[in-house]
Amino acid sequence: MDSNTLAGNAVKLAEEIQSVSVKAATLAEEATTLAITTKELANEPFVFLFTIFVLAVFIGYYVVWSVTPALHSPLMAITNAISSVIIVGALISAGPVEWNLAKIFGFIAVVLASINIFGGFIVTQRMLQMFRQKR
């Protein structure tokens, strides 16, 4: 190869390298913008709490459906204990004097958790009656 061909190839390579560097700079800017947007979304309380809620739904579903029938009574007892903790939090939420959305949701949580607790006790009583000796 002669020097003119080598120079021409070098110019073409330089142009390709320049276009690749422009594309790399554009990609870096887009990545930075995406990282900032993702960081802003991660700091959103709703997105964070909704993610926890969805994960809890999946974990709860797989835990409950993988329990053997012999362990359903202890599982009911644990869910009753969890509901009692929910009632404490709901009472704190429903406690303020002014009416707002938190107070309404707190009241609804108290009602639903109470139904869950008393229903759990009724189901547990029926299950225990099944195992009693008949007289």
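User: What counts as a contact here, and what share of the contacts with a separation of 6 or more joins residues 24 or more positions apart?
Analyst: Contact means heavy atoms within 4.5 Å. The model is predicted. Among contacts in the protein chain with a separation of 6 or more, the share from residues 24 or more positions apart is 47%.

User: Which elements does the protein chain hold, and in what order do they run?
Analyst: The protein chain has four helices and zero strands. Read from the N terminus, the order is α-α-α-α.

User: What is the radius of gyration of the protein chain?
Analyst: The C-alpha trace spans about 110 × 50 × 15 Å along its principal axes. For a compact globule of 135 residues the radius of gyration would be near 14 Å, whereas the protein chain has 31 Å.

User: What percentage of the residues in the protein chain is buried?
Analyst: A residue is buried when its relative accessible area is under 20%. Of the 135 residues in the protein chain, the buried ones make up 10%.

User: How far apart are the mean positions of the positive and negative charges?
Analyst: The protein chain carries 8 positive and 8 negative charges. The distance between their mean positions is 39 Å.

User: What distance separates the C-alpha atoms of glutamate 30 and proline 69?
Analyst: Along the chain, glutamate 30 and proline 69 are 39 residues apart. Their C-alpha atoms are separated by 53 Å.

Key. Residues numbered from 1 in each chain as written. Predicted model: local features only at pLDDT ≥ 70, side-chain atom pairs only at ≥ 80, totals over all residues. Heavy atoms only, no water. Helix = DSSP H or I, 4+ residues; strand = E, 2+ residues; numbered from the N terminus. Rg over C-alpha atoms; globule rule 2.2 N^0.38 Å. Buried < 20%, exposed > 50% of the residue type's maximum accessible area, 1.4 Å probe, protein only. Lys, Arg positive; Asp, Glu negative; His and termini not counted. Charge placed at Lys NZ, Arg CZ, Asp CG, Glu CD.
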